[in-house]
Amino acid sequence: MRFSEENVLVTGATSGIGREAAKLFAQRCAAVTVTGRDTGRGQAVVDELASSSAPARFIAADLSDLDDVHRLIRDAGPTDILVNNAASGGGYGYVVVGACTAGCVIAARLSEDPGVRALPLAVSA
């Protein structure tokens with residue numbers, strides 16, 4: 001399956017499953033946006049993706065910081081496919097929970113209440 005002309009946003013893409021997902025999408029011609037907290041590791045993933053013919057870029061974002069979530073939403077631009085892989089690190093942070101081709105992304109804050117999985121928080125277009 002090819003993903004040419006598809007914009008893919010992969011959260012938590014600086015290592016592990018996120019990194020591998022970014023590599024697979026790039027190999028299948030998607031334009032990949034890699035995001036994570038560590039700029040050095042993020043750039044290393046982008047450099048690794050350079051062997052594919054598809055464009056790749058890194059946007060640093062800490063999804064436990066609402067300002068970073070809003071900036072990520074704005075800077076990522078139109079997103080066709082979202083791979084939501086960011087780890088919370090044991091805390092309760094924000095997760096990107098949806099994306100659409102119009103560039104809108106929905107973020108939610110994980111709740112400390114075990115009965116509540118996520119609280120809707122932000123919609124940005």
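Predicted model: local features only at pLDDT ≥ 70, side-chain atom pairs only at ≥ 80, totals over all residues.
Let's start with confidence. The average pLDDT of the chain is 75, and 69% of the residues score at least 70. The score is highest in strand β3, at a mean of 96, and lowest in strand β7, at 42. Residues 99-125 all sit in a stretch where the pLDDT is below 50. In the model, that stretch still has 65 contacts beyond near neighbours in sequence.

**The chain as a whole**

Now for the overall numbers. The chain has 125 residues, and 40% of them count as buried. If you take the contacts between residues at least 6 apart in sequence, 48% of them join residues at least 24 apart.

In soluble globular proteins, nonpolar side chains tend to be buried together. Here, the largest nonpolar core has 15 residues. Val10, Ala22, Phe25, Ala30, Val32, Val34 and Leu49 have the most contacts inside this core.

Helix α1 gives the largest share, four residues. Apart from this core lies another one, made of eight residues, including Leu9, Leu63, Val69 and Ile73.

Pick out Ala30 and look around. Leaving aside neighbours within four places in sequence, Ala30 is in contact with Phe3, Glu6, Val8, Phe25, Ala54 and Pro55. Have a look at Cys29 too, which is found in the loop between α1 and β2. Cys29 has a phi near 75 degrees, a positive value in a residue other than glycine.

Is Thr35 buried or exposed? With a relative accessible area of 2%, Thr35 is buried, because buried means under 20%. Thr35 has its place in strand β2, and its side chain reaches the backbone oxygen of Ile59 at 2.7 Å. Not counting residues up to four places away in sequence, Thr35 touches a whole list of others: Leu9, Val10, Thr11, Gly12, Ala13, Thr14, Phe58, Ile59, Ala60, Ala61 and Leu72.

Helix α3 covers residues 66-76, and its buried residues include Asp68, Val69, Leu72, Ile73 and Ala76. Why do these residues lie on the same side of α3? They cover an arc of only 140 degrees around the axis, so they end up on one side of the helix. Turn to the face that points away from the buried side and you'll find the exposed residues Asp67 and Arg74.

At the start of α3, a side-chain oxygen of Asp65 comes to within 2.8 Å of the backbone nitrogen of Asp67. Just after α3 comes Gly77, with a positive phi of about 70 degrees.

Definitions and conventions:
Residues numbered from 1 in each chain as written. Heavy atoms only, no water. Buried < 20%, exposed > 50% of the residue type's maximum accessible area, 1.4 Å probe, protein only. Helix = DSSP H or I, 4+ residues; strand = E, 2+ residues; numbered from the N terminus. Arc of directions from axis to C-beta. Polar contact = N/O pair within 3.5 Å; in protein donor to acceptor, adjacent residues only side chain to side chain. pLDDT = per-residue confidence, 0-100. Contact = heavy atoms within 4.5 Å. Core = buried A, V, L, I, M, F, W, Y, C linked by side-chain atoms within 4.5 Å.
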